[in-house]
Amino acid sequence: GWGPRGGRWRVQPVPLEEALQAARESGFLGMRADDFDCLLSDETGDARPLVGVFRHNLFDVLSMVGLAVQLCRAFAAPGSVLRHGRDWLSLARAYETDGERQAVIDACESALSAGLTPDDSDDALRRLALAARRSGDWSRAVEVWETMATAAQVRRLFPFEELAKYYEHHSVPRQPGRALALAEAARARVEEGTLRPARGRARSLADLDRRIARLRRRLESTAT
């Protein structure tokens, strides 16, 4: 889901030795048991060594409250809060998880308008087309895929595959010849290395070979 513009947020595990070293440097491991008396009983104790701990926890709580407020604003009125394309793309991912297809489309469009890196732009276009397809808006999905497949620097395999599937199974009338041309063009690009599929070169070539063979058989059967 949601992530900062520099990448996803992750809570990274800290090795035990690193945690112990940090504790030693802070003096935490040198505290005596009676340093905590003020927390464990009604007796008066010197709690000054714990001031840093409470301050740290306070900042954690305030940070979470601030984040919650910003997230609420982002979902309630994103146009008044979000300025960066990466933030809009994160919002689109959240809407996608909830199945809000039109909201995904709107957020992806805003992300693209705000500006994205090439990789994030591809991600936004992929999600936009997928949401349009799931909504039954095939013309919009095809428009996005064709834009990606005919771009000056084509980087992704999936628009070729999606277009091939569309022309083979969903267009009216069916256009297996066009589907075959797309599959063959995609295979040539993968073979030469200009397209680097996420699922790997060997698997993608095998998938494309099966699609090409099937489409050729179909065209041959209709020609006889």
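Modeller: The discussion below takes up the labels by topic.

Biologist: What makes up the secondary structure of the protein?

Modeller: The model is a predicted one, and its secondary structure comes to 10 helices and 0 strands. Read from the N terminus, the order of the elements is α-α-α-α-α-α-α-α-α-α. Of the 224 residues, 32% are buried. Among contacts between residues at least 6 apart in sequence, 48% join residues at least 24 apart.

Biologist: Why is the pair of Phe-75 and Tyr-95 called edge-to-face?

Modeller: Two values decide the matter. The ring centres of Phe-75 and Tyr-95 are 5.7 Å apart, and the rule for a pair asks for centres within 6.5 Å. The planes stand at 85 degrees, and an angle over 60 counts as edge-to-face; therefore the label applies to this pair. Phe-75 lies in helix H3 (residues 51–76) and Tyr-95 in helix H4 (residues 85–98), so the pair ties together parts that are 20 residues apart in sequence.

Biologist: Why does Phe-75 count as partly exposed, and why does Tyr-95 count as buried?

Modeller: Phe-75 has a relative accessibility of 35%. Buried means under 20% and exposed means over 50%, so Phe-75 falls in between and counts as partly exposed. Tyr-95 is at 11%, which is under the 20% limit, so Tyr-95 counts as buried.

Biologist: How do you know that Tyr-166 and Tyr-167 form an aromatic pair?

Modeller: Their centres are 5.0 Å apart, and the limit is 6.5 Å. With 70 degrees between the planes, this pair too is edge-to-face, because the angle is over 60. Both tyrosines are buried. Ring pairs link Tyr-166 and Tyr-167 with Trp-138 and Trp-145 into a cluster. The count for the structure comes to 4 aromatic pairs.

Biologist: Why is Ala-111 called buried?

Modeller: Ala-111 has a relative accessible area of 0%; the label requires a value under 20%, and Ala-111 is therefore buried. This residue is found in helix H5 (residues 101–114). Leaving aside neighbours within four places in sequence, Ala-111 is in contact with Gly-85, Trp-88, Leu-89 and Leu-116. Ala-111 and Ala-124 are 13 residues apart in sequence, with a C-alpha to C-alpha distance of 7.3 Å.

Biologist: Why is Cys-72 called exposed, and why is Cys-108 called buried?

Modeller: Cys-72 has 55% relative accessibility, which is over 50%, so Cys-72 counts as exposed. Cys-108 is at 0%, which is under 20%, so Cys-108 counts as buried. The structure holds 0 disulfides.

Biologist: What makes up the lining of the largest pocket?

Modeller: The lining divides into 4 nonpolar, no polar and 10 charged residues. The largest pocket holds about 280 Å³ of space. Of its 14 lining residues, the closest to the centre are Arg-126, Arg-156, Phe-158, Pro-197 and Ala-198. Helix H6 (118–134) and helix H8 (158–169) each supply at least two residues of the lining, and the largest share, 5 residues, comes from H6.

Definitions and conventions: Residues numbered from 1 in each chain as written. Predicted model: local features only at pLDDT ≥ 70, side-chain atom pairs only at ≥ 80, totals over all residues. Heavy atoms only, no water. 1 Å grid on protein atoms, 1.4 Å probe; cavity = no way out; pocket = protein on both sides within 12 Å on 5 of 7 lines; lining within 4 Å. Points joined across faces, edges and corners; volume = space filled by probe spheres on them. Helix = DSSP H or I, 4+ residues; strand = E, 2+ residues; numbered from the N terminus. Nonpolar A, V, L, I, M, F, W, Y, C, P; charged D, E, K, R; others polar. Phe/Tyr/Trp six-rings, centres within 6.5 Å; stacked < 30°, edge-to-face > 60°. Buried < 20%, exposed > 50% of the residue type's maximum accessible area, 1.4 Å probe, protein only. Contact = heavy atoms within 4.5 Å. Disulfide = S-S within 2.5 Å.
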